[in-house]
Amino acid sequence: MVEEIAHDVYRIPVPLPDSILGSVNAYAIKGRGRHLIVDPGMDLDPCLQAMDEGLRRIGVDAAKSDFFITHSHPDHFPLVARLIGEGSVIYIDRREAEVLERLRSGAMFANLREFARFTGFPDTDLTEILPPEVTRRSPVERVWPFRFVKDADQLTVGDHRFRCVSTPGHSLGHTCLHEPSSRLFFAGDHLLSDITPGIQARRDMGNPLVDYLEALDRIYPLDVRVVLPGHRDPFTRFRERIDELKEHHRERAAEIMSELKDGGKGIYEVASRITWSVVDADSWDSAPDLQKLMATGETFAHLKYLEASGAVRREMRDDRIIFSLA
Ligand SMILES: [Zn+2]
(Lines give C-alpha, C1' and ligand atoms only; values in the text may rest on other atoms or scores of the structure.)
Protein backbone atom coordinates (compact mmCIF):
# COMPACT_ATOMS: atom_id res chain seq x y z
CA MET A 1 0.00 0.00 0.00
CA VAL A 2 1.49 3.32 -1.06
CA GLU A 3 1.77 5.89 1.71
CA GLU A 4 2.20 9.61 1.18
CA ILE A 5 4.91 10.74 3.59
CA ALA A 6 5.12 14.40 2.63
CA HIS A 7 4.41 16.57 -0.39
CA ASP A 8 5.51 14.48 -3.42
CA VAL A 9 7.24 11.89 -1.21
CA TYR A 10 5.83 8.34 -1.14
CA ARG A 11 6.70 5.07 0.53
CA ILE A 12 6.14 1.87 -1.46
CA PRO A 13 6.58 -1.33 0.59
CA VAL A 14 8.11 -4.00 -1.65
CA PRO A 15 7.73 -7.61 -0.43
CA LEU A 16 10.78 -9.69 0.44
CA PRO A 17 9.67 -13.31 0.01
CA ASP A 18 11.23 -15.70 2.56
CA SER A 19 12.75 -12.92 4.65
CA ILE A 20 11.98 -12.26 8.31
CA LEU A 21 12.13 -8.57 7.41
CA GLY A 22 8.92 -8.98 5.38
CA SER A 23 9.48 -6.06 3.05
CA VAL A 24 11.87 -3.36 1.97
CA ASN A 25 10.73 0.25 1.74
CA ALA A 26 11.19 1.87 -1.62
CA TYR A 27 10.56 5.60 -1.71
CA ALA A 28 9.53 7.69 -4.69
CA ILE A 29 9.92 11.44 -4.93
CA LYS A 30 7.82 12.98 -7.64
CA GLY A 31 9.57 15.69 -9.61
CA ARG A 32 8.71 17.73 -12.64
CA GLY A 33 9.54 15.53 -15.62
CA ARG A 34 12.07 13.43 -13.73
CA HIS A 35 11.54 11.55 -10.49
CA LEU A 36 13.75 9.84 -7.93
CA ILE A 37 13.30 6.28 -6.64
CA VAL A 38 15.21 5.22 -3.51
CA ASP A 39 16.16 1.50 -3.08
CA PRO A 40 13.74 -0.34 -5.41
CA GLY A 41 14.19 -3.85 -3.93
CA MET A 42 14.97 -7.40 -5.04
CA ASP A 43 15.02 -8.57 -8.61
CA LEU A 44 11.94 -10.79 -8.25
CA ASP A 45 8.54 -10.75 -9.96
CA PRO A 46 6.51 -9.92 -6.82
CA CYS A 47 8.83 -6.96 -6.15
CA LEU A 48 8.47 -5.67 -9.70
CA GLN A 49 4.71 -6.06 -9.42
CA ALA A 50 4.56 -4.06 -6.17
CA MET A 51 6.75 -1.31 -7.63
CA ASP A 52 4.78 -1.10 -10.89
CA GLU A 53 1.53 -0.94 -8.98
CA GLY A 54 2.80 1.66 -6.49
CA LEU A 55 4.37 3.87 -9.12
CA ARG A 56 1.23 3.74 -11.28
CA ARG A 57 -0.90 4.93 -8.35
CA ILE A 58 1.24 8.02 -7.80
CA GLY A 59 1.79 8.71 -11.49
CA VAL A 60 5.53 8.11 -11.57
CA ASP A 61 7.09 6.51 -14.66
CA ALA A 62 10.15 4.44 -13.65
CA ALA A 63 11.70 4.95 -17.07
CA LYS A 64 11.67 8.69 -16.43
CA SER A 65 13.19 8.30 -13.00
CA ASP A 66 16.65 8.36 -11.53
CA PHE A 67 17.61 6.06 -8.66
CA PHE A 68 19.32 6.58 -5.35
CA ILE A 69 20.82 3.48 -3.77
CA THR A 70 21.62 3.65 -0.05
CA HIS A 71 23.68 0.46 -0.37
CA SER A 72 24.11 -2.48 -2.72
CA HIS A 73 22.61 -5.27 -0.60
CA PRO A 74 20.45 -7.73 -2.57
CA ASP A 75 17.21 -6.61 -0.90
CA HIS A 76 17.72 -2.95 -1.88
CA PHE A 77 19.47 -2.66 -5.22
CA PRO A 78 18.94 -5.33 -7.93
CA LEU A 79 15.42 -4.45 -9.09
CA VAL A 80 16.89 -1.27 -10.52
CA ALA A 81 17.96 -3.38 -13.51
CA ARG A 82 14.33 -3.91 -14.51
CA LEU A 83 13.20 -0.33 -13.91
CA ILE A 84 15.78 1.98 -15.45
CA GLY A 85 14.97 3.73 -18.66
CA GLU A 86 17.19 5.33 -21.21
CA GLY A 87 18.76 8.36 -19.55
CA SER A 88 18.20 7.06 -16.00
CA VAL A 89 21.05 7.73 -13.61
CA ILE A 90 21.85 5.61 -10.55
CA TYR A 91 23.27 7.65 -7.67
CA ILE A 92 25.46 5.46 -5.48
CA ASP A 93 28.65 5.69 -3.43
CA ARG A 94 31.66 4.40 -5.39
CA ARG A 95 32.48 1.85 -2.67
CA GLU A 96 29.06 0.21 -3.12
CA ALA A 97 29.68 -0.12 -6.85
CA GLU A 98 32.99 -1.81 -5.97
CA VAL A 99 31.12 -4.26 -3.72
CA LEU A 100 28.91 -5.19 -6.69
CA GLU A 101 31.97 -5.72 -8.83
CA ARG A 102 33.61 -7.92 -6.16
CA LEU A 103 30.43 -9.96 -6.08
CA ARG A 104 30.37 -10.32 -9.87
CA SER A 105 34.05 -11.23 -10.18
CA GLY A 106 33.95 -13.88 -7.45
CA ALA A 107 36.37 -11.92 -5.23
CA MET A 108 33.74 -11.68 -2.52
CA PHE A 109 33.29 -15.43 -2.39
CA ALA A 110 37.06 -15.89 -2.19
CA ASN A 111 37.08 -13.46 0.77
CA LEU A 112 34.35 -15.45 2.48
CA ARG A 113 36.36 -18.66 2.21
CA GLU A 114 39.29 -16.89 3.79
CA PHE A 115 36.92 -15.51 6.46
CA ALA A 116 35.70 -19.04 7.28
CA ARG A 117 39.33 -20.10 7.75
CA PHE A 118 40.58 -17.33 10.01
CA THR A 119 37.40 -17.23 12.15
CA GLY A 120 37.52 -20.99 12.79
CA PHE A 121 34.14 -21.51 11.11
CA PRO A 122 33.49 -25.28 11.01
CA ASP A 123 34.47 -27.03 7.83
CA THR A 124 31.37 -26.36 5.73
CA ASP A 125 30.77 -26.22 2.02
CA LEU A 126 29.97 -22.51 1.65
CA THR A 127 28.37 -23.10 -1.75
CA GLU A 128 25.69 -25.02 0.15
CA ILE A 129 24.78 -22.18 2.48
CA LEU A 130 25.33 -19.02 0.44
CA PRO A 131 22.99 -17.83 -2.32
CA PRO A 132 24.18 -18.56 -5.87
CA GLU A 133 24.76 -14.87 -6.67
CA VAL A 134 27.55 -14.96 -4.08
CA THR A 135 29.13 -18.29 -5.02
CA ARG A 136 28.94 -18.08 -8.81
CA ARG A 137 30.97 -15.50 -10.62
CA SER A 138 29.16 -13.81 -13.45
CA PRO A 139 31.05 -13.49 -16.73
CA VAL A 140 28.79 -10.61 -17.75
CA GLU A 141 30.14 -7.22 -16.84
CA ARG A 142 27.19 -4.91 -16.82
CA VAL A 143 27.68 -1.23 -17.53
CA TRP A 144 25.50 0.57 -15.03
CA PRO A 145 24.65 4.26 -15.45
CA PHE A 146 26.21 5.02 -12.08
CA ARG A 147 26.82 8.55 -10.92
CA PHE A 148 28.99 8.41 -7.84
CA VAL A 149 27.94 10.50 -4.87
CA LYS A 150 29.87 11.47 -1.79
CA ASP A 151 29.11 13.11 1.51
CA ALA A 152 27.39 16.52 1.24
CA ASP A 153 26.49 16.17 -2.46
CA GLN A 154 23.10 17.71 -3.27
CA LEU A 155 20.29 16.11 -5.29
CA THR A 156 17.38 18.20 -6.52
CA VAL A 157 14.05 16.56 -7.42
CA GLY A 158 11.11 18.88 -8.13
CA ASP A 159 10.72 21.09 -5.05
CA HIS A 160 13.00 18.88 -2.96
CA ARG A 161 16.66 19.37 -2.18
CA PHE A 162 18.42 16.43 -0.60
CA ARG A 163 21.87 16.18 0.86
CA CYS A 164 23.87 12.95 0.76
CA VAL A 165 25.13 11.80 4.16
CA SER A 166 27.86 9.18 4.09
CA THR A 167 27.11 6.55 6.77
CA PRO A 168 29.47 3.57 6.36
CA GLY A 169 29.17 0.61 8.74
CA HIS A 170 26.24 -1.58 7.68
CA SER A 171 27.99 -1.59 4.33
CA LEU A 172 31.18 0.00 3.08
CA GLY A 173 29.69 3.00 1.30
CA HIS A 174 26.22 3.21 2.83
CA THR A 175 24.71 6.65 2.18
CA CYS A 176 21.59 8.34 3.56
CA LEU A 177 19.64 11.32 2.25
CA HIS A 178 18.59 14.26 4.40
CA GLU A 179 16.38 17.16 3.48
CA PRO A 180 16.85 20.03 5.95
CA SER A 181 13.65 21.90 4.97
CA SER A 182 11.24 18.94 5.33
CA ARG A 183 13.45 17.31 8.01
CA LEU A 184 13.11 13.93 6.29
CA PHE A 185 15.93 11.40 6.65
CA PHE A 186 16.09 8.44 4.24
CA ALA A 187 18.01 6.03 6.45
CA GLY A 188 18.47 2.86 4.36
CA ASP A 189 19.71 0.27 6.87
CA HIS A 190 21.68 2.77 8.97
CA LEU A 191 18.78 3.29 11.39
CA LEU A 192 15.88 0.87 11.81
CA SER A 193 13.08 1.31 14.34
CA ASP A 194 12.86 -2.03 16.13
CA ILE A 195 15.70 -4.14 14.79
CA THR A 196 19.42 -3.53 15.01
CA PRO A 197 21.14 -3.00 11.68
CA GLY A 198 23.65 -5.78 11.10
CA ILE A 199 27.27 -4.65 11.32
CA GLN A 200 29.55 -7.39 10.03
CA ALA A 201 33.24 -7.65 9.32
CA ARG A 202 33.81 -10.32 6.69
CA ARG A 203 37.29 -9.20 5.73
CA ASP A 204 40.15 -8.24 7.94
CA MET A 205 40.19 -4.76 6.46
CA GLY A 206 38.86 -1.52 7.85
CA ASN A 207 36.71 -1.42 10.96
CA PRO A 208 32.95 -1.43 10.21
CA LEU A 209 31.74 -0.99 13.79
CA VAL A 210 34.08 1.95 14.42
CA ASP A 211 32.78 3.46 11.14
CA TYR A 212 29.19 2.79 12.13
CA LEU A 213 29.43 4.36 15.57
CA GLU A 214 31.23 7.39 14.11
CA ALA A 215 28.50 7.73 11.49
CA LEU A 216 25.83 7.60 14.22
CA ASP A 217 27.63 10.46 15.99
CA ARG A 218 27.93 12.40 12.76
CA ILE A 219 24.20 12.32 12.01
CA TYR A 220 23.17 13.04 15.61
CA PRO A 221 23.11 16.85 15.23
CA LEU A 222 20.92 16.73 12.08
CA ASP A 223 17.46 18.21 12.34
CA VAL A 224 15.20 15.19 11.63
CA ARG A 225 11.42 14.98 12.02
CA VAL A 226 10.79 11.61 10.33
CA VAL A 227 13.20 8.75 9.70
CA LEU A 228 12.38 6.77 6.55
CA PRO A 229 14.10 3.43 7.09
CA GLY A 230 14.82 0.63 4.63
CA HIS A 231 12.60 -1.78 6.55
CA ARG A 232 9.57 -1.50 8.85
CA ASP A 233 7.67 1.71 9.59
CA PRO A 234 8.90 5.29 9.45
CA PHE A 235 9.55 6.71 12.94
CA THR A 236 10.24 9.98 14.71
CA ARG A 237 12.53 8.98 17.58
CA PHE A 238 15.69 9.94 15.70
CA ARG A 239 18.11 10.79 18.52
CA GLU A 240 16.56 8.31 20.99
CA ARG A 241 17.08 5.53 18.44
CA ILE A 242 20.70 6.53 17.90
CA ASP A 243 21.27 6.43 21.67
CA GLU A 244 19.65 2.98 21.88
CA LEU A 245 21.79 1.59 19.05
CA LYS A 246 24.97 2.89 20.67
CA GLU A 247 23.93 1.35 23.98
CA HIS A 248 23.21 -1.96 22.23
CA HIS A 249 26.75 -2.10 20.81
CA ARG A 250 28.27 -1.14 24.18
CA GLU A 251 26.41 -4.06 25.79
CA ARG A 252 27.49 -6.47 23.05
CA ALA A 253 31.10 -5.39 23.42
CA ALA A 254 30.90 -5.96 27.19
CA GLU A 255 29.39 -9.41 26.69
CA ILE A 256 32.14 -10.37 24.27
CA MET A 257 34.81 -9.12 26.71
CA SER A 258 33.36 -11.33 29.43
CA GLU A 259 33.58 -14.37 27.14
CA LEU A 260 37.33 -13.79 26.93
CA LYS A 261 37.87 -13.70 30.71
CA ASP A 262 38.83 -17.36 30.89
CA GLY A 263 41.32 -17.14 28.03
CA GLY A 264 41.82 -16.40 24.33
CA LYS A 265 39.32 -17.66 21.79
CA GLY A 266 38.70 -17.83 18.08
CA ILE A 267 36.03 -15.65 16.51
CA TYR A 268 33.58 -18.45 15.76
CA GLU A 269 33.98 -19.81 19.26
CA VAL A 270 33.10 -16.43 20.79
CA ALA A 271 30.09 -16.11 18.45
CA SER A 272 28.81 -19.53 19.53
CA ARG A 273 28.84 -18.52 23.22
CA ILE A 274 27.05 -15.18 23.18
CA THR A 275 23.29 -14.58 22.97
CA TRP A 276 21.68 -13.87 19.60
CA SER A 277 18.26 -12.50 18.89
CA VAL A 278 18.92 -12.75 15.15
CA VAL A 279 19.70 -16.46 15.33
CA ASP A 280 16.36 -18.03 14.66
CA ALA A 281 16.69 -21.28 16.63
CA ASP A 282 16.50 -22.66 20.18
CA SER A 283 20.21 -23.20 20.39
CA TRP A 284 23.35 -22.23 18.51
CA ASP A 285 23.89 -25.82 17.40
CA SER A 286 20.50 -26.05 15.71
CA ALA A 287 20.75 -22.63 14.00
CA PRO A 288 21.10 -22.56 10.20
CA ASP A 289 24.70 -22.24 8.99
CA LEU A 290 24.01 -18.99 7.13
CA GLN A 291 22.84 -17.35 10.38
CA LYS A 292 25.95 -18.64 12.12
CA LEU A 293 28.08 -17.13 9.37
CA MET A 294 26.39 -13.75 9.83
CA ALA A 295 26.69 -13.97 13.61
CA THR A 296 30.40 -14.72 13.21
CA GLY A 297 30.75 -11.60 11.02
CA GLU A 298 29.01 -9.50 13.70
CA THR A 299 31.28 -10.93 16.38
CA PHE A 300 34.39 -10.16 14.31
CA ALA A 301 33.18 -6.56 13.85
CA HIS A 302 32.91 -6.21 17.63
CA LEU A 303 36.29 -7.82 18.25
CA LYS A 304 37.95 -5.49 15.73
CA TYR A 305 36.26 -2.54 17.46
CA LEU A 306 37.55 -3.74 20.84
CA GLU A 307 40.99 -4.29 19.35
CA ALA A 308 41.07 -0.73 17.98
CA SER A 309 40.16 0.58 21.43
CA GLY A 310 43.00 -1.42 23.00
CA ALA A 311 40.72 -3.72 25.03
CA VAL A 312 41.65 -6.95 23.24
CA ARG A 313 44.60 -8.16 21.24
CA ARG A 314 45.11 -10.89 18.70
CA GLU A 315 47.58 -13.60 17.85
CA MET A 316 47.60 -16.11 15.01
CA ARG A 317 47.34 -19.77 15.93
CA ASP A 318 47.86 -21.86 12.80
CA ASP A 319 45.72 -19.87 10.36
CA ARG A 320 43.14 -18.78 12.92
CA ILE A 321 42.89 -15.45 14.69
CA ILE A 322 42.70 -15.79 18.48
CA PHE A 323 41.57 -12.80 20.53
CA SER A 324 42.32 -12.33 24.20
CA LEU A 325 41.92 -9.53 26.74
CA ALA A 326 44.76 -7.01 26.46
ZN1 LIG B 1 21.38 -3.94 4.11
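In what order do the seven strands of the open sheet lie?

**View 1. The open sheet of the predicted model.** In this predicted model, the seven strands follow the order S1-S2-S3-S4-S5-S6-S7, and their pairing is mixed. Strand S1 (3–6) and strand S7 (146–148) are the edge strands, each of them pairing on one side only. On average, and with direction ignored, neighbouring strands of this sheet are turned by 30 degrees against each other.

**View 2. The crossing of helices H7 and H10.** The axes of helix H7 (residues 208–219) and helix H10 (residues 289–308) come within 7 Å and cross at roughly 80 degrees, which means that H7 is roughly perpendicular to H10. Leu209, Val210 and Leu213 in H7 meet Ala301, His302, Tyr305 and Ala308 in H10; by class, this contact has six nonpolar residues, one polar residue and no charged residues.

**View 3. The largest nonpolar core.** Among the 48 residues of this core, Phe185, Leu191 and Phe238 touch the most other members, while H10 provides the largest share, six residues. Residues touched by Phe185 include Val165, Leu191, Ile219 and Phe238. Another core, of 24 residues, lies apart from it, with Leu16, Leu48, Leu55 and Leu100 among them.

Notes
Residues numbered from 1 in each chain as written. Predicted model: local features only at pLDDT ≥ 70, side-chain atom pairs only at ≥ 80, totals over all residues. Heavy atoms only, no water. Axes fitted to C-alpha atoms, helices over the stretch in contact; angles between N-to-C directions. Helix = DSSP H or I, 4+ residues; strand = E, 2+ residues; numbered from the N terminus. Parallel < 35°, antiparallel > 145°, perpendicular 65-115°, else oblique. Contact = heavy atoms within 4.5 Å. Nonpolar A, V, L, I, M, F, W, Y, C, P; charged D, E, K, R; others polar. Core = buried A, V, L, I, M, F, W, Y, C linked by side-chain atoms within 4.5 Å. Buried < 20%, exposed > 50% of the residue type's maximum accessible area, 1.4 Å probe, protein only. Pairing = 2+ DSSP bridges. Lists of a residue's contacts leave out its neighbours within four places in sequence.
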